[in-house]
Amino acid sequence: TPNRWRAIIHEKRGVKKVSNDERIRFTLRLPTQLFEELGKEATRLGVSLNSFVLQILWNWSEQRNKSV
């Protein structure tokens, strides 16, 4: 739900901060339709596309680790 996403994404301000030396930059090729959908949702939530995609990946990682 939108409120859940807002709460999760705002965690980055305190919980999931990383310093510049802990980041890796890479290029991700997306189909145009997926890129546009992600961008619209990020805009709706009031966050950057990068923040939104990072949160999706964090959620995936956390769920995967719970099931292992």
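A salt bridge is a side-chain nitrogen of Lys or Arg within 4 Å of a carboxyl oxygen of Asp or Glu. The exercises below apply this and related terms to the structure above, which is a predicted model.

**Exercise 1. Find which residue forms a salt bridge with R44, and state where the two partners lie.**

*Solution.* Step 1: side chains of opposite charge can pair when their charged atoms come close. Step 2: R44 forms a salt bridge with E41, and their closest N and O atoms are 2.6 Å apart, a separation to be judged against the cut-off of 4 Å. Step 3: both residues belong to helix 2, where they stand three residues apart, or about one turn of the helix. Step 4: an α-helix has 3.6 residues a turn, so residues three or four places apart point the same way. Step 5: R44 is partly exposed, having a relative accessible area of 42%, and E41 is also partly exposed, having a relative accessible area of 23%. Step 6: the structure holds one salt bridge, and it is the one that joins R44 with E41.

**Exercise 2. Determine which residues of helix 3 are buried, and how they are placed around the axis.**

*Solution.* Step 1: helix 3 runs over residues 49-67, which makes 19 residues, and it reaches 27 Å from its first C-alpha to its last, close to the 27 Å expected at 1.5 Å a residue. Step 2: taking buried to mean under 20% relative accessible area, the buried residues of this helix are S51, F52, Q55 and N59. Step 3: because these residues cover an arc of only 100° around the axis, they fall on the same side of helix 3. Step 4: N50, W60 and N65, on the other side of helix 3, are exposed.

**Exercise 3. Identify which residues form a nonpolar patch on the surface, and place L30 in the chain.**

*Solution.* Step 1: the patch is formed by F26, L28, L30, L34 and F35, which together have about 500 Å² of accessible area. Step 2: L30 sits in the loop between helix 1 (2-10) and helix 2 (32-45). Step 3: with a relative accessibility of 33%, L30 counts as partly exposed, and a patch residue needs over 30%.

**Exercise 4. Describe the protein chain as a whole: how many helices and strands does it have, and what share of its residues is buried?**

*Solution.* Step 1: the chain has three helices and zero strands, giving the pattern α-α-α along the sequence. Step 2: of its 68 residues, 18% are buried. Step 3: its accessible surface comes to about 5900 Å², with 54% belonging to carbon and sulfur atoms.

Technical notes: Residues numbered from 1 in each chain as written. Predicted model: local features only at pLDDT ≥ 70, side-chain atom pairs only at ≥ 80, totals over all residues. Heavy atoms only, no water. Patch = residues over 30% accessible without salt bridge, like charges linked within 9 Å, V, L, I, M, F, W, Y side chains within 5 Å. Areas by Shrake-Rupley, 256 points an atom, 1.4 Å probe, with all protein chains shown as cover. Helix = DSSP H or I, 4+ residues; strand = E, 2+ residues; numbered from the N terminus. Buried < 20%, exposed > 50% of the residue type's maximum accessible area, 1.4 Å probe, protein only. Expected span 1.5 Å × (residues − 1). Arc of directions from axis to C-beta.
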